[in-house]
Amino acid sequence: MKSLKSDKGDRSVVDRAWELQHNIEARQKRIGKGKYGRVLKMARKPTDEEFAKTSKITGAGILIIGGLGFVVWLLAKHVAPWIGEIFGWI
């Protein structure tokens, strides 16, 4: 019958599993005490009104940045070659 001893010394698989379990439990107890603990304690679910406002502002930002990117693309595609022809670069 095989032994539960590992190749890493005389610790058994069960001992390593218990150590891992204790490490996980210790980390879980420290949640909320680190540098982001105050933020996590103050966090809450937004109201429907807050969520709607945030969604509208985010959507407007996406549209503005996308529109600006499209204008830059149009300039690069149509205006830049025209300017290049005027100055003889193309």
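This is a predicted model: local features need pLDDT of at least 70, side-chain atom pairs count only at pLDDT 80 or more; totals for chains, interfaces and linings use all residues.
Reader: What span should α3 have?

Author: At 1.5 Å a residue, the 40 residues of α3 should span 58 Å, and the end C-alpha atoms are 57 Å apart, which agrees. The expected span is 1.5 Å times one less than the number of residues.

Reader: Where does α3 bend?

Author: The bend is at Val-79 and is about 35°, with a proline, Pro-81, following within four residues. A bend at a residue is the angle between axes fitted to the seven residues ending there and the seven starting there. Just after α3, Gly-88 takes a positive phi of about 80°.

Reader: Changing topic, how many salt bridges does the structure hold?

Author: The structure holds 2 salt bridges, each being a side-chain nitrogen of Lys or Arg within 4 Å of a carboxyl oxygen of Asp or Glu. Arg-44 pairs with Glu-50, with the closest N and O atoms 3.0 Å apart. Lys-53 pairs with Glu-49, and there the closest N and O atoms are 3.6 Å apart.

Reader: Where do Lys-53 and Glu-49 lie?

Author: Both are in helix α3, 4 residues apart, about one turn of the helix. An α-helix has 3.6 residues a turn, so residues three or four places apart point the same way.

Reader: Are Lys-53 and Glu-49 buried or exposed?

Author: Lys-53 and Glu-49 are both exposed. Buried means under 20% relative accessible area, exposed over 50%, and partly exposed in between (1.4 Å probe, protein chains only). Arg-44 is exposed at 57% relative accessibility, whereas Glu-50 is partly exposed at 31%.

Reader: How many aromatic pairs are counted?

Author: The count is 1 aromatic pair. The ring centres of Phe-70 and Trp-73 are 5.8 Å apart and their planes lie at 25°, so the pair is stacked. Rings of Phe, Tyr and Trp (its six-membered ring) pair if their centres lie within 6.5 Å; planes under 30 degrees apart count as stacked, over 60 as edge-to-face and the rest as tilted.

Reader: What about the surface?

Author: The accessible surface of the protein is about 8900 Å², with 65% belonging to carbon and sulfur atoms. Areas come from the Shrake-Rupley method with a 1.4 Å probe, and for residues only the protein chains shown count as cover. Buried residues make up 6% of the 90 residues.

Reader: Where is Leu-75 placed?

Author: Leu-75 is in helix α3 (residues 48-87), and is partly exposed, with a relative accessible area of 46%.

Conventions
Residues are numbered from 1 along each chain as its sequence is written. Side-chain values use heavy atoms; hydrogens and water are left out. Helices (H or I, at least four residues) and strands (E, at least two) are DSSP runs, numbered from the N terminus.
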